[in-house]
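Subject: Structure handover

Hi,

Here is the structure I said I would pass on.

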Amino acid sequence: MITRTRLAAGVCALLAALTAGLAFPAGAAAGEPTGQDAPKVDLVLDVSGSMRARDIDGQSRMAAAKQAFNEVLDATPEEVELGIRTLGANYPGDDRKTGCKDTAQLYPVGPLDRTEAKTAVATLTPTGWTPIGPALLKAAGDLDGGDGSKRIVLISDGEDTCAPLDPCEVAREIAAKGIGLTIDTLGLVPTAKLSRQLSCIAEATGGTYTSVEHQDELTDRVNQLVDRAADPVVTPVATEGADRCAGAPTLKSGLYTDREESGQQRWYRVDVPPGKELRASVSVAADRAVNPGYGVLMRAVTSKGREIVRGEAAGNGRTDVISTGLRYPKAESDDEDAPAEAVCLGVSHSFSAASGVKTTPGLPLELTVDVVDAPDQAGDVAAFGLGRGWWLLGVLILTGFLAGLVWGWLSRWRVAVWRTN
């Protein structure tokens, strides 16, 4: 990912992300882990004819995959609901239309019976086509429902053979549904073309791509991804920003999601009491093909429109996410009944869709908001864009003034001595 971010914005984004996990109030905070539904994983395995190739540690790709699956099934955490889907496992013929429908649920997503799942895997034989796109659509349906984590782990040794149902576009459509599903991909002895395709699929949903050439690498990586699914899930709360500060929705500490088209500006309001600090960050995901050259801007302004502080980031290339953040502490007040200050957060981005790509719905953005205790003697850190830099500027001015006086006195003394001699 090619992203150049100013240091200050990066630090702010990091602080906001950290406090999002540490400082949310218990109970009803927006975007906190719910823990209500079990995490779900669907392992999608390519069983096409090319899996017969014997180039993974002296055994066939299919044999390596079976061995890896057996070890993964033994290590799957009890709380994870796991399923297995195949592509290219049943139709050996040459009819493309039929071959591109060849995807089936080998083991349904649910509580794991390890013996039954291993028995199902043992029956697999490399057979037919490579319908990755159709398999991803079906796998998304396998994981439908619930608010726990959802993860597809796609393992393939060849690129999709069923275009124009482009698997990369399928992944973007899945991401656009906002169902919180991540697709991780693994390429077995991949070619450059396969690597590009699997990377694109993973990037579209915030997943990862891994190149695999050894059986133990496959086992370790799939185990890591299944274990990751068991981690606590923070579910963003859907909100809809306004087109101006006056009508912006009021947000409390939490994680929020929205969509924004290029050229738009979304506004959100946060109330910051005296003695508190606002920390906010935003990430915009490119869930479709975009043109190079883009940026994201977050501004904090007063209710009267004065800009307090801003964070921005820019990039040039192909990336899946670009982020920035800001922070603003509100000084303590002697008045115990002093009201909170209404701070408006404005978010805009400059992504543009590639030719022929739909611009609606807008790109997904994720907003983290946190209001925490401010540092001691907090002030307006963004006064005229310098914040506490005013103190440093004052010290430098005073130092320069004193240095000028001393230098002038020394110069006059040297001239006086020279004239005397």
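This is a predicted model: local features need pLDDT of at least 70, side-chain atom pairs count only at pLDDT 80 or more; totals for chains, interfaces and linings use all residues.

Residues are numbered from 1 along each chain as its sequence is written, and side-chain values use heavy atoms, with hydrogens and water left out.

**Cores**

The largest nonpolar core has 32 residues, and L43, L45, I155, L186, L218, V222 and V226 have the most contacts inside it. By nonpolar core I mean a set of buried Ala, Val, Leu, Ile, Met, Phe, Trp, Tyr and Cys residues joined through side-chain atoms within 4.5 Å. Buried is under 20% relative accessible area, exposed over 50%, and partly exposed in between (1.4 Å probe, protein chains only). Elements giving two or more residues to this core include β2 (40-46), α2 (61-75), β5 (150-156) and α8 (215-229), and α2 gives the most, with 7 residues. (Helices, H or I with at least four residues, and strands, E with at least two, are DSSP runs numbered from the N terminus.) Leaving out residues up to four places away in sequence, L43 touches F69, L82, G83, I84, R85, V153, V222 and V226; contact here means heavy atoms within 4.5 Å. Apart from that core lies another, of 29 residues, among them V270, V309, V343 and V347.

**R266**

R266 lies in strand β10 (residues 266-272) and is buried, at 16% relative accessible area. What does its side chain meet? A polar atom of the R266 side chain lies 3.0 Å from the backbone oxygen of G241, and the backbone oxygen of R259 also lies 3.0 Å from a polar atom of that side chain. The contacts of R266 include L345, G346 and V347, not counting residues up to four places away in sequence.

**Strands**

β15 (residues 341-349) is mostly covered, with 9 of its 9 residues buried. E341, V343, L345, V347 and H349 point one way from β15, and A342, C344, G346 and S348 the other. β10 runs antiparallel to β15, joined by 7 bridges, and strand β12 (residues 294-302) is likewise antiparallel to β15 over 7 bridges. D271 has A342 as its bridge partner in β15, while M298 stands opposite V347. (Two strands pair if DSSP finds at least two bridges between them.)

There is also an open sheet of 5 strands, with mixed pairing and the order β8-β9-β16-β11-β14. β8 (237-238) and β14 (321-329) stand at its edges with a single partner strand each, so one side of each has no neighbour in the sheet.

**Disulfides**

Taking a disulfide as a pair of cysteine sulfur atoms within 2.5 Å, the count comes to 3.

- C100 and C162: sulfurs 2.0 Å apart, left-handed with -95° about the S-S bond, and both cysteines are buried.
- C168 and C200: sulfurs 1.6 Å apart, with a torsion of about -55°, so left-handed. C168 sits in helix α6 and C200 in helix α7 (residues 192-204), 32 residues apart.
- C245 and C344: sulfurs 2.0 Å apart, right-handed with 70° about the S-S bond. C245 lies in the loop between β8 and β9 and C344 in β15, so the pair ties together parts that are 99 residues apart in sequence.

Cheers

Technical notes: A polar contact is a pair of N or O atoms within 3.5 Å; within protein, one must be able to donate a hydrogen and the other to accept it, and residues adjacent in sequence count only if both atoms are side-chain atoms.
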